[in-house]
Structure formats: C-alpha cells, structure tokens
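Please look over the sequence and the structure before reading on.

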Amino acid sequence: MKTAVVYYSQSGNTEYAARKIAAILGADLIPIKPVKAFPDKGFRKFFRGGKSAVMGDRPALEPVGFSPEDYDAVILGTPVWAGTFTPPIRTFADLYRDALGAKPLAFFACMSGAGAEKAAERLAKFLGIDAFRATLALVDPKDKPDPENDGKIAAFCEKLK
Ligand SMILES: Cc1cc2nc3c(=O)[nH]c(=O)nc-3n(C[C@H](O)[C@H](O)[C@H](O)COP(=O)(O)O)c2cc1C
C-alpha cells in the first residue's frame, strides 16, 4: 500500500512526527507551504496565525508535489492553531477534497496543550467524512521530547498497516 504523509509545519514539531510516521510506513513525505509564510516570531506569530485559522483562511500554497492517484491512503498532519487545523491544510483539503474523500485517511496533530481532537473533528467535517481511520495527538514532540511519543506513533502506524 502506498501512503502519503501530507503535512504543514511552522516550527518543526509536525515535521518531526511526519518523518517518524513516514519512516515506519515507508510513506512519501509531502510538506506543504503557503506562498506567504506566517509570521514565526513574537505577538504576530500567534495573532496572525490564530486569526487566520479561526477565520477559515485558505492561503495560496507553493506547488504541491502530490498526485492523489499515486496513493492508496493519505495521512494529514498539522499543528493545532486556535483549537483547529492550520490554514495551509485547509487549502490542501479544499483542493483535493474529492480525491481525498475516496481514500482511507488518517490525521495527526501537534500542539502545546490541547485541541487536537477538535481539530480532527473539524477537518473531518470539512472533508465531508465521518471520521479518520486513526488519529494521533502529540505535545511539541521535537521541542519537548517524551519517551512515550515513539509508542504513540507506533500504535498510530499499526492501525494503518
Ligand atoms: C498561531 C498559533 C496558534 C496555536 N494555537 C494552539 C492551540 O490552540 N492549542 C495548542 O495546544 N497549541 C497551540 N499552538 C502551539 C502549536 O500547536 C504547537 O507548538 C505545535 O507543536 C507547533 O507545530 P510546528 O512546530 O509543526 O509548527 C499554537 C501555535 C501557533 C503558532
């Protein structure tokens, strides 16, 4: 089975998890990037990103090297911003909604405290699916290493084999 791990990461935590998941599953890593980067410092980082997430913005993305027909399953990864998934993932989900909805989908999110469950619910609704086949929530896995994370990632991947 060929799987894609499509993710947005602003400061590396989601990317850290994406790499681990892709290594376990032998999946392709597909990072997505907005054409205009979100501020990554100071007050603007939280204000602009949070506002954009809450407003449901769909920022233009750099060209995405993703052809849905190449994959049997897709895993979507995002940081939690203001209790939901990030705007670049919203754009991606919007662009590929029909193709994604027809495949097994899984979801993982990185957060500093809470909100991954809500983010998963919101993205499932946005995609028009009942629920993801598997979900995973991690607390800043790169910045706050936790020995339990490897087990959580392994259990998540096991559900997708
Ligand atoms: C704009 C913004 C909003 C955030 N909102 C939340 C939140 O609602 N809940 C939470 O637990 N963490 C929140 N965070 C923290 C990030 O989700 C967390 O640090 C995540 O691991 C970052 O992933 P990344 O390194 O891949 O960008 C927020 C961070 C930013 C920049």
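This is a predicted model: local features need pLDDT of at least 70, side-chain atom pairs count only at pLDDT 80 or more; totals for chains, interfaces and linings use all residues.

Sorted by class, the shell around the ligand has 12 polar, 8 nonpolar and 3 charged residues.

**The shell around the ligand**
- The ligand is surrounded by 23 residues, and the closest of these are N13, T14, G49, P79 and M111.
- At least two residues of the shell come from each of α1 (13-25), α2 (42-55) and β4 (105-111).
- Among the contributors, α2 gives the largest share of the shell around the ligand, namely 4 residues.

**Strand β1 and its burial**
- Strand β1, which spans residues 3-7, is mostly covered, since 5 of its 5 residues are counted as buried.

**Strands paired with β1**
- With strand β3 (residues 73-79), β1 pairs in the parallel sense over 5 bridges, and within β3 the bridge partner of V5 is I75.
- With strand β2 (residues 28-31), β1 also runs parallel, the two being joined by 4 bridges, and within β2 the bridge partner of V5 is L29.
- Between β1 and β2 the chain crosses through α1, and this β-α-β crossover is right-handed; α1 is also one of the elements that supply at least two residues of the shell around the ligand.

Methods: Residues are numbered from 1 along each chain as its sequence is written. A residue is near a molecule or strand if its C-beta atom, placed from the backbone, lies within 6 Å of it. Ala, Val, Leu, Ile, Met, Phe, Trp, Tyr, Cys and Pro count as nonpolar, Asp, Glu, Lys and Arg as charged, and the others, Gly among them, as polar. A residue is buried if 20 or more other C-beta atoms lie within 10 Å of its own, exposed if 12 or fewer, and partly exposed in between; C-beta atoms are placed from the backbone. Two strands pair if DSSP finds at least two bridges between them. A crossover is right-handed if, with the strands pointing away from the viewer, the path from the first strand over the helix to the second runs clockwise.
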